[in-house]
Amino acid sequence: MIYFIQMGSSGPIKIGLTEGCSVVPRLKGMQTGNPEILHCLSTLAGGLPEEQALHLQFHSQRIRGEWFHP
């Protein structure tokens with residue numbers, strides 16, 4: 001599953017991939033190390049090829065790694 005998690009209400013968005021059908025464990029793990037509230041904006045069915053395609057699509061908005069400007 002591909003997820004879009006945003007930091008705060010207008011912060012950067014992480015486009016990532018998680019196993020299984022729930023992003024909740026991934027969101028909780030990321031929240032532990034982040035002082036901002038994280039929100040799951042959306043999820044999509046897909047795997048690594050789809051995630052990589054999204055990273056390429058939004059390359060011009062990349063901040064670092066899997067984090068992108070909104």
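Predicted model: local features only at pLDDT ≥ 70, side-chain atom pairs only at ≥ 80, totals over all residues.

**The whole thing first**

Residues are numbered from 1 along each chain as its sequence is written, and side-chain values use heavy atoms, with hydrogens and water left out.

Back to the cartoon, where you'll find two helices and five strands (DSSP runs numbered from the N terminus: H or I of at least four residues for helices, E of at least two for strands). Walking from the N terminus, you pass β-β-α-β-α-β-β. The C-alpha trace spans about 30 × 30 × 15 Å along its principal axes. Colour by burial next: 31% of the 70 residues are buried (under 20% relative accessible area; exposed is over 50%, partly exposed in between, with a 1.4 Å probe and protein chains only).

**Select strand 1**

Pick residues 2-7. Is strand 1 enclosed or open? Five of its six residues are buried, so the rest of the structure largely encloses this strand.

Now show its partners (strands pair if DSSP finds at least two bridges between them). Strand 2, residues 13-17, pairs with strand 1 in the antiparallel sense over five bridges. Strand 3, residues 38-44, is also antiparallel to strand 1, over six bridges.

I15 stands opposite F4 in strand 2, and S42 is the bridge partner of F4 in strand 3. While you're here, keep in mind that side chains in a regular strand alternate between the two faces of the sheet.

Follow the chain from strand 1 towards strand 2. Five residues sit between the strands of this hairpin, and G8 takes a positive phi near 70°.

Last stop: P12, in the loop between strand 1 and strand 2. This proline is partly exposed, with a relative accessible area of 22%. Which residues does P12 touch, leaving out those up to four places away in sequence? Select I5, Q6, M7, I63, W67, F68 and P70 (contact means heavy atoms within 4.5 Å).
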